[in-house]
Amino acid sequence: MLSNKIPYACHMIVRSCHSSVKWKEKVFSGIQPTGTLHLGNYFGAVSKWVKLQNEDREVFYSIVDLHSITLPYDAKKLEKNVLLMTASLIACGINPERSTLFLQSQVPEHTQLSWVLGCLTTMPRLGQLPQFKEKSATLKDVPLGLYLYPILQAADILLYKATKVPVGEDQIQNLQLAHSLARTFNRQYGETFPISEVLVQQDCSSRIRNLRDPTKKMSKSHPDKRGKIDITDTPDDIVEKVKKAVTDCTSQITYDPDNRPGVSTLLTMHSLISGLSPEEICEENKLLDTGRYKLIVAEALVEKFTPIRQEIIKLMDSPEYLSKVLQEGQKKAHLIALETWQEVASKIGTIPNNIIENQFLKNKN
């Protein structure tokens, strides 16, 4: 468990529309089921989700499978990855009794609201978003889904009237689009959506780099798979990857992310596990060289993630339980999503209210 020396740190970007409505506090975040969680995912997102959940907030965590099909994918692997992500989140501490954990595609209002929001923005606005530019630059034929991805992301958030959204720095501009769409809808149809606070992590969890290429963030897309540590890696795998982590020709243990990103990444991971600051760890290990220090980091990682790995294996042997968790989460999420969609539909004037009300009451009962 982290000590108070490394607090849950974030920078809150508040977007206010001078609302007269007192919105109920709700947290929403999503994660794609694109494979096993790695340490960057765990420390940068999931561990923070657990903390938000344990603060007795109303939280909605979605496995956003519709987002994961915007680029070519394997349908059979996606189905398995959904269960793996469900098991991973639970093993990491997401409690289905305290959080609404659900599969995005099982709540149809996500795509319904996405269409409405898509009618409120323009093609040039979407084309300017950095993530679209980056991902489309390497593609000969750009899928429409990649272009519309931020609209669906906005619908995910607004559907639950989230007031707080924890995201990585690379998602800030997409969230600004969600704010813009909420304001546009509120202006045209009456106040309906809150303007959420964007919780951007500013602690050292955002500095976990690729072990083989410390100039890059740890990610699933990097070609050298030895550069990331998955939470399902065996103890031997973890030790081997840490031992082969790229550092530099200086053997001293110092924390300098800009000039020594390799050894600084080892210190960051050790810090997040131990609760000590990187500077304190440097002082404790000042007599060691990087080779011996790597073994200490590897031991700490093995101790931290072996129980999580074992729990994931156990949960994956119970697919019926994982499916039940998602079904229960879908029921809770759908009631709220349908209520929001009922309100939206009545304001845009395209769907008879009595049809929506009958369906809503049937589901609620």
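The side chains of Arg226 and Asp224 form a salt bridge, with an N to O distance of 3.1 Å. This is a predicted model. Arg226 is partly exposed, at 38% relative accessible area, and Asp224 is also partly exposed, at 21%. The salt bridges number 16; the table gives this pair along with two others.

| Salt bridge | N to O distance | Relative accessible area |
|---|---|---|
| Arg226 and Asp224 | 3.1 Å | Arg226 38%, Asp224 21% |
| Arg57 and Glu55 | 2.6 Å | Arg57 25%, Glu55 34% |
| Glu240 and Lys244 | 3.1 Å | Glu240 37%, Lys244 39% |

Glu240 and Lys244 are each partly exposed. A network of salt bridges with shared partners links Glu25, Glu55 and Arg57.

Strand S6 covers residues 197–201, and five of its five residues are buried, so the strand is largely enclosed by the rest of the structure. From S6, Glu197, Leu199 and Gln201 point one way, while Val198 and Val200 point the other way. Strand S5 (residues 164–167) runs parallel to S6 and is joined to S6 by four bridges. Pro166 has Leu199 of S6 as its bridge partner. Between S5 and S6 the chain passes through helix H7 (residues 172–189), making a right-handed β-α-β crossover.

Leu71 lies in the loop between strand S3 (58–63) and helix H2 (75–92). With a relative accessible area of 31%, Leu71 is partly exposed.

Technical notes. Residues are numbered from 1 along each chain as its sequence is written. This is a predicted model: local features need pLDDT of at least 70, side-chain atom pairs count only at pLDDT 80 or more; totals for chains, interfaces and linings use all residues. Side-chain values use heavy atoms; hydrogens and water are left out. Helices (H or I, at least four residues) and strands (E, at least two) are DSSP runs, numbered from the N terminus. Buried means under 20% relative accessible area, exposed over 50%, partly exposed in between (1.4 Å probe, protein chains only). Two strands pair if DSSP finds at least two bridges between them. A crossover is right-handed if, with the strands pointing away from the viewer, the path from the first strand over the helix to the second runs clockwise. A salt bridge is a side-chain nitrogen of Lys or Arg within 4 Å of a carboxyl oxygen of Asp or Glu.
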